[in-house]
Amino acid sequence: MSKKKETEHKLNLRNLRLSDYSDIKEIMESVYSNAGGSWTKKEFATQLSKFPEGQICIEDNGKVIAAALSLIVKYSKFGDSHTYQEITGNGTFKTNDPDGDTLYGTDIFVHPEYQGLRLGRRLYDARKELCENLNLRSIIAGGRIPGYQEYANEYTPRQYIDLVKTKELYDPILTFQMANDFHVRKIITNYMPEDLESQFYATLLEWNNIYYEEKESPLIGGRKTNVRIGVVQWQMRRTNSLEDLFQQVEFFVDTVAGYKADIVLFPEFFNAPLMAKFNEDSGADAVRALAEYTEAIREKMINFAISYNINIIAGSMPVYEDGHLYNVCYLCRRDGTWDSQTKLHVTPDEEFHWGMQGGNDLKVFDTDIGKIGILICYDVEFPELARILADEGMNILFVPYWTDTKNSYQRVRLCAHARAVENECYVAISGSVGNLPKVENMDIQYSQAAVFSPSDVPFPHDAIVAEATANTETTLIADLDLDLLKELRKHGAVRNLQDRRKDLFRIEWKKKKVVSNHD
């Protein structure tokens, strides 16, 4: 398997520090070159001192690449006809009021080299989280409309905004803000007198906090207790190129991310349609040719994870390394990092037709939704593996699989369901449907993706959180309450993990077990 490159992304969402000023200045001088440029270091220091929790950034390998700044105000003191200088105290944030009722967004910007990765959306989501956890009524911001300069002689500001709203026109800022659930309260004039691109106009935008009066968690970046997962039941279809495959993958990533899911699971060998290009070769040669695409697909998955702000479990793909063929699943985190789990138990068909070998390491992955495990298909039929993962703190087990008949599917399903019950965890399974006539050993598929839970009163009566229609391309979206697992393990009707007779038996891992600690 390929080694990680030093140039890979490592994104981190955090609060700004004074030492970040040089990075902030670089970005502002670039993106605000026609609107006043950067703050001074003194202004920046004052902003941080007045409301440090409201100043948020994203760093990549230690360098700040995007930021969002805000303050708390008693909005009635300023009303809708304020200017940027008035409400920000001439940029000093001296107007910040800890007893205020509104989070006021002053600035949001992304380094030009990182634009297109939807980092602005991630910052907006962090602002919303901050607003909810501070129990504030809403977020209000004055928004520039730089695209208006091209239409000022043709439309009034109101007409321009209406055309942007109906998607007849595109504005680089207003379009983005509306896509993030902000609505226009009012058009204001002379909001930023130096903003020539907006022709001295601005929109006053608002996002309402529907959870007003509910809060209790870190202001940003807290570990989730309610996790939304997406599971893709993948249609095997003729694929002529890598770009065709990427287009299909991105469709599902986009779809699941649109439901604000935290993680999405693809099935085992989801890239198998590319093997049809090598149908003249033997099965062993074809799967090794398929392995040549694996690194490119992994890199694209990492890009999708960042762009759509969703962790991706990239099913599994063949990896040919040092004369050995493995079946490997990649975890592509939304912070830009990645890790992998190799299939430990290969099936007789994989060994006979392809010469595939099993790996030697079992990992628990630390993610922003807690600790998870990955077992590829046949591996879930060995209960010792899931028990080892559970002992390391795993809460959700993901199982990408490929099965050809209902008999083989039932083996995966029944074992996965048992793993959920006996290890007091959630288990999600994902497979493929359809057929691939010209792909040896991968010609027919059978699948019914599902999400399983433990079996006790707080969970669904049949211990099935969600279930797809069999043999139909679709997605599942499921919300998983991790606090219920804590309650079950301490106060459940039965307590499988706690009540084990360790005086009689134990599971011993003979090789080094790798626990992936990710900060």
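In this predicted model, helix H1, which spans residues 21-31, has as its buried residues Tyr21, Asp23, Ile24, Ile27 and Met28. These residues cover an arc of only 160° around the axis, which puts them on the same side of H1. What covers them includes helix H2 (41-50), strand E3 (63-73) and strand E4 (102-110).

**Overall build**

- The secondary structure of the protein comes to 13 helices and 22 strands, and the C-alpha atoms fill a box of roughly 75 × 55 × 40 Å when it is taken along the principal axes.
- A compact globule with 519 residues would have a radius of gyration near 24 Å, and the protein, which has 26 Å, agrees with that expectation.
- Of the 519 residues, 54% count as buried, while the accessible surface of the protein comes to about 23,100 Å², of which 46% belongs to carbon and sulfur atoms.
- Among contacts between residues at least 6 apart in sequence, 72% join residues that are at least 24 apart.

**Salt bridges**

- The structure holds 23 salt bridges, and one of them is formed by the side chains of aspartate 97 and lysine 77, with an N to O distance of 3.9 Å.
- Aspartate 97 lies in the loop between helix H3 (84-88) and E4, and lysine 77 lies in the loop between E3 and H3, so this pair ties together parts that are 20 residues apart in sequence.
- The two partners can be set side by side: aspartate 97 is buried, with a relative accessible area of 17%, whereas lysine 77 is exposed, with a relative accessible area of 60%.
- Another salt bridge joins the side chains of arginine 237 and glutamate 473, with 2.9 Å from N to O.
- Arginine 237 is placed in the loop between strand E8 (226-236) and helix H7 (242-257), and glutamate 473 in the loop between strand E20 (464-467) and strand E21 (474-481), so the pair ties together parts that are 236 residues apart in sequence.
- Arginine 237 counts as partly exposed at 30% relative accessibility, and glutamate 473 counts as partly exposed at 26%.
- Within helix H13 (residues 482-491), aspartate 483 and lysine 486 lie three residues apart, about one turn of the helix, and they form a salt bridge in which the closest N and O atoms are 3.8 Å apart.

**Cysteines**

- With a disulfide taken as a pair of cysteine sulfur atoms within 2.5 Å, the count for this model comes to zero disulfides.
- Cysteine 332 is in no disulfide, and the nearest cysteine sulfur, which belongs to cysteine 329, is 8.4 Å away; cysteine 332 counts as buried, at 0% relative accessibility.
- The sulfur of cysteine 377 is 10 Å from the closest cysteine sulfur, that of cysteine 415, which is too far for a bond; cysteine 377 is buried too, with a relative accessible area of 7%.

**Backbone angles**

- Most residues other than glycine have a negative phi, and the two residues that follow are described against that background.
- Asparagine 135 has a positive phi of about 55° although it is not a glycine; this asparagine 135 is found in the loop between helix H4 (119-133) and strand E5 (138-143), where it is partly exposed, with a relative accessible area of 23%.
- Phenylalanine 269, also not a glycine, has a positive phi of about 50°; phenylalanine 269 lies in the loop between strand E9 (263-265) and helix H8 (283-291), and it is buried, with a relative accessible area of 3%.

Conventions:
Residues numbered from 1 in each chain as written. Predicted model: local features only at pLDDT ≥ 70, side-chain atom pairs only at ≥ 80, totals over all residues. Heavy atoms only, no water. Buried < 20%, exposed > 50% of the residue type's maximum accessible area, 1.4 Å probe, protein only. Helix = DSSP H or I, 4+ residues; strand = E, 2+ residues; numbered from the N terminus. Arc of directions from axis to C-beta. Contact = heavy atoms within 4.5 Å. Salt bridge = Lys/Arg side-chain N within 4 Å of Asp/Glu carboxyl O. Rg over C-alpha atoms; globule rule 2.2 N^0.38 Å. Areas by Shrake-Rupley, 256 points an atom, 1.4 Å probe, with all protein chains shown as cover.
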